[in-house]
Amino acid sequence: MATPKRKTSHARTAQRKAHWLSALSAPNTKSCPHCGEVVLAHHACPSCGYYRGRQVVKIKSEEAAS
């Protein structure tokens with residue numbers, strides 16, 4: 001197996017890690033226009049079940065009330 005001839009410098013190591021760490025970020029979120037909760041982009045709202053202006057998921061608290 002090949003072994004490195006020289007020690008990898010701190011700058012080179014930091015550059016490599018910087019590219020990888022830049023990919024780690026928080027997921028895209030927005031507020032639900034129906035109830036105002038924080039929702040992942042392109043997902044139905046977990047609190048009210050609405051997506052793009054219509055209800056696509058029935059929520060258990062609403063089912064028990066009706």
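Student: What share of the 66 residues in the chain is buried?

Tutor: Buried residues make up 9% of the 66. Buried means under 20% relative accessible area, exposed over 50%, and partly exposed in between, with a 1.4 Å probe and protein chains only. This is a predicted model: local features need pLDDT of at least 70, side-chain atom pairs count only at pLDDT 80 or more, and totals for chains, interfaces and linings use all residues. Residues are numbered from 1 along each chain as its sequence is written, and side-chain values use heavy atoms, with hydrogens and water left out.

Student: What pattern does the chain follow along the sequence?

Tutor: The order is α-β-β-β-β-α. Helices (H or I, at least four residues) and strands (E, at least two) are DSSP runs, numbered from the N terminus. The radius of gyration is 23 Å, well over the 11 Å from the globule rule for 66 residues, so the chain is more spread out than a compact globule. That radius is taken over C-alpha atoms, and the rule is 2.2 Å times the number of residues to the power 0.38.

Student: And how many residues of α1 are buried?

Tutor: Zero of its 13, so α1 lies largely in the open.

Student: Switching to the loops. Where is histidine 43?

Tutor: Histidine 43 sits in the loop between β2 (38–40) and β3 (50–51). It counts as partly exposed because its relative accessibility is 45%.

Student: What does the side chain of histidine 43 reach?

Tutor: The backbone oxygen of alanine 41, at 2.9 Å.

Student: What about phi of histidine 42?

Tutor: Phi of histidine 42 is near 65 degrees, which is positive in a residue other than glycine. Histidine 42 is also in the loop between β2 and β3, and counts as exposed at 68% relative accessibility. Arginine 52 has a positive phi too, about 55 degrees, and is not a glycine. Arginine 52 lies in the loop between β3 and β4 (54–55).

Student: Which residues line the largest pocket?

Tutor: His43 and Arg52 are among them, along with Cys32, Cys45 and Tyr50. On a 1 Å grid over the protein atoms alone, a pocket is an open set of points where a 1.4 Å probe fits, with protein on both sides within 12 Å along at least five of seven lines; lining residues have an atom within 4 Å of a point.

Student: How much space lies in the largest pocket?

Tutor: About 150 Å³. That volume is the space filled by probe spheres set on the points, which are joined across faces, edges and corners.

Methods. A polar contact is a pair of N or O atoms within 3.5 Å; within protein, one must be able to donate a hydrogen and the other to accept it, and residues adjacent in sequence count only if both atoms are side-chain atoms.
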